[in-house]
Amino acid sequence: MTLLPPVIVTRPDAGGRMLADELAARGFESLWLPAFEIGPAPDDRAARDALARLAEFDLAVFVSPAAVRATAALLAGAWPARTAIGAVGAATARAVAQSIPGALSAAVIAPGDADEADAGSEALWDALMRSALRPQRVLLLRAEGGRMWLAERLAEAGARVTAVAVYSRRVRG
């Protein structure tokens, strides 16, 4: 009999719960202990102001499904067709299609659906380099920090990157 190692899942929200349940269904002992909680934008007004200017950006990048949900709650109108959407993975791209009004009218650049493991900043960067899009103005939709590697690559390629916190992460106590 092979004993599978225990797995501690630290991902928050429904995604973490689903992952822990899936691991348990596959025979792993899993424990769901979210490391942080997702909360509202730390500066609601700044986030709404940035989203009101979406049409000024060539590309807006969603760093996670949490960023998609937070943006959907803050967005006042439909997504402008001229602003391409970047998604760091297939789950994020699906969340965009399901949650952002008008998103289907914009170009979406994301890593392929084939391999969920092929996700993240590097995978999006590769997808962006394979696309014809060379954005000059990029809006990075994220929490208070993170995805600096991607922001740096975009800046090195000549883009002006504006990061806006559309949600917050709070460490669970």
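**Questions about a predicted model**

Visitor: Is threonine 92 buried or exposed?
Guide: This is a predicted model. The relative accessibility of threonine 92 is 3%. Buried means under 20%. Threonine 92 therefore counts as buried.

Visitor: Which helix holds threonine 92?
Guide: The helix in question covers residues 90-99. Threonine 92 falls within that run, in helix H4.

Visitor: Which residues is threonine 92 in contact with, leaving aside neighbours within four places in sequence?
Guide: Contact means heavy atoms within 4.5 Å. With those neighbours set aside, the partners of threonine 92 are Phe62, Ser64, Pro65, Val68 and Ala87.

Visitor: Phenylalanine 62 stands opposite which residue in E7?
Guide: Strand E4 spans residues 59-62, and strand E7 spans residues 137-142. These two strands pair in the parallel sense over four bridges. Opposite phenylalanine 62 stands leucine 141.

Visitor: Which are the edge strands of the sheet?
Guide: Five strands form an open, parallel sheet in the order E6-E5-E4-E7-E8. An edge strand here pairs on one side only. That applies to E6 (108-109) and E8 (160-165).

Visitor: What angle does the direction of helix H2 make with that of E8?
Guide: Helix H2, residues 44-52, packs on the sheet. H2 touches both E7 and E8. Its direction and that of E8 make an angle of about 140°.

Visitor: What is the radius of gyration of the protein chain?
Guide: The chain has six helices and nine strands. For 173 residues the globule rule gives 16 Å. The chain's value is close to that, so it is as compact as a globular protein of that length. The radius of gyration is 17 Å.

Notes:
Residues numbered from 1 in each chain as written. Predicted model: local features only at pLDDT ≥ 70, side-chain atom pairs only at ≥ 80, totals over all residues. Heavy atoms only, no water. Pairing = 2+ DSSP bridges. Axes fitted to C-alpha atoms, helices over the stretch in contact; angles between N-to-C directions. Buried < 20%, exposed > 50% of the residue type's maximum accessible area, 1.4 Å probe, protein only. Rg over C-alpha atoms; globule rule 2.2 N^0.38 Å.
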